[in-house]
Amino acid sequence: LESGCLSIVVLGASGDLAKKKTFPALFHLFRQGFLQSNEVHIFGYARTKLSSEELRERLRGYLSKGKEESVEELDYLSKFLQLIKYVSGSYDSEEGFQLLNKEILEHESSKRSQLGTSRRLFYLALPPSVYPSVCKMIRNYCMNQSDLTGWTRIIVEKPFGKDLGSSEELSAQLGELFDEKQLYRIDHYLGKELVQNLLVVRFANRFFLPLWNRDNIDNVQARFSICVIVFREDFGTEGRGGYFDEYGIIRDIIQNHLLQVFCLVAMEKPVSLKPEHIRDEKVKVLQSVLPIKLEEVVLGQYDGYRDDQTVSPNSNTPTFATVILRIHNERWEGVPFILKAGKALNSRKAEIRVQFKEVPGQKQGRNEFVIRLQPLEAMYMKLTVKKPGLEMSTIQSELDLSYKQRYQDVVIPEAYERLILDTIRGDQQHFVRRDELKAAWEIFTPLLHQIDDGELKPLPYKPGSRGPAEADQLLAKAGYVQTHGY
Ligand code: BG6
């Protein structure tokens, strides 16, 4: 990392995202030596009236593992907490942001004589409704102006609007205040180990290079299922139920997390590994997606969803969706990409399944390449082998790379940890570019409008089930063959 004075400002510091993701990620970075005490200061900013000491004590509760904590760990935690200062103010208050700037300047002037460059990172752990006003305040009062080698960067997170129109409006508002190089749009799936591995596996292996196309691949499925009813969590100032009911599973998971994974599976080889080259290819594949056909969509809503008090009693919001995307290009013409996500299902899992075409005459089933993003990161290939023993018969088995077994000594970093570090390093590869976001909304907006207008109704399904049976039927129709046992 370049050296210099670094001020990290967490806006929405008293909220849920900050508590669960942002501060733990910062602590882990500090713990691993990426944030140096002599350079870094962390500022929490939020409306809640708190003293710095009160915020530190709250955070101590979230970050410490309690009684099992070793003395050494407790010492790290105390040193980390000493870096944190709290400033209270509202998100459109000039005085609040002037005060914040004063605090940052104080920190910078105490360090600059030794360190030179001044760097400011603003993390918006906030609902997007306040992004425009907060960004305006940062632009007006908190930019790094003191030296030319420094920078100001802003991290924002979805939802970026609700459809193409609202997203473009938000992009335009932020685009007036900051240039694209300063904006880091997080999709935390891009920070996951096995998602980052996708391009390496695809483009660095002879096994896959010649096979990764319509001649050999029958279908691809990216699915995400979650058994916990996440929307019941309290999230920042807005109840999570209220948030979810307004957005639904397509906006919450499919249009962003699964679509990013889809891009990495389907895109062409980039000219280089430079962030802009990679993002150029993602945009191209998104632009090659054909309009979604209604007969290739199944929506679901689990029984009991509307009992939540923060959910509208007549809610039409899908908590489950299966959507087939089709790409119009030479590599993928005719191959269905099945994106499937749901809440309150029978397991918590996110994986990509690439099913190859059948080998004529083979009865053991197809080859399948599975990348399990979580839990228990793994990649495995289903293949036909001779059944061990005296008889000459065949069975299907697996070539298995399970990360826990193979890389026992490696701790896989949390997505947020990696993405914050990338922001400090100025690497935008794993962040969503403005045109990429636009292309993603273009794919889903017509379908979302049809759902919002009530033209398409979610089918009921039982919590703890696989989702509506119609989704399995759609998969079968698309050529997906259920494989078992692993
Ligand atoms: C978030 C969604 O973006 O991702 C949540 O808003 C979802 O609804 C979460 O539960 C899943 O993230 P992870 O890292 O737990 O798979």
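Helices (H or I, at least four residues) and strands (E, at least two) are DSSP runs, numbered from the N terminus, and an axis is a line fitted to C-alpha atoms, for helices over the stretch in contact, with angles running from 0 to 180 degrees between N-to-C directions. The model is predicted, so that local features need pLDDT of at least 70 and side-chain atom pairs count only at pLDDT 80 or more, while totals for chains, interfaces and linings use all residues. Residues are numbered from 1 along each chain as its sequence is written, and side-chain values use heavy atoms, with hydrogens and water left out.

**First stop: H1 and H12**

Select residues 16-31, which form helix H1, together with residues 415-425, which form helix H12; the two pack at an angle of about 65°, and their axes are 8 Å apart. Where they are in contact (heavy atoms within 4.5 Å), Leu17, Lys21, Thr22, Ala25, Leu26, His28 and Leu29 of H1 meet Tyr416, Glu417, Ile420 and Leu421 of H12. By class, this contact has 7 nonpolar, 2 polar and 2 charged residues.

**Second stop: Ser167**

Move on to helix H6, residues 164-177, and select Ser167 within it. Ser167 counts as buried because its relative accessibility is 2%, where buried means under 20% relative accessible area, exposed over 50%, and partly exposed in between (1.4 Å probe, protein chains only). Show its surroundings as well: leaving aside residues up to four places away in sequence, Ser167 touches Phe160, Gly161, Leu437 and Trp441. A polar atom of the Ser167 side chain lies 3.4 Å from the backbone oxygen of Phe160.

Next, select Phe208, found in the loop between helix H8 (198-203) and strand E7 (217-225). Is Phe208 buried or exposed? Phe208 is buried, with a relative accessible area of 6%. Apart from residues up to four places away in sequence, Phe208 touches Val201, Arg202, Phe369 and Met381. If you also select Gln364, you will find it 156 residues from Phe208 in sequence and 21 Å away in space, C-alpha to C-alpha.

**Last stop: H14**

Finally, select helix H14, residues 469-477, whose buried residues are Ala471, Leu474 and Leu475. They lie on the same side of H14 because they cover an arc of only 100° around the axis, the arc being that of the directions from the helix axis to the C-beta atoms. On the face of H14 turned away from this buried side, look for the exposed residues Gln473 and Lys477. Just after H14, Gly479 takes a positive phi of about 105°.

Technical notes
A polar contact is a pair of N or O atoms within 3.5 Å; within protein, one must be able to donate a hydrogen and the other to accept it, and residues adjacent in sequence count only if both atoms are side-chain atoms. Ala, Val, Leu, Ile, Met, Phe, Trp, Tyr, Cys and Pro count as nonpolar, Asp, Glu, Lys and Arg as charged, and the others, Gly among them, as polar.
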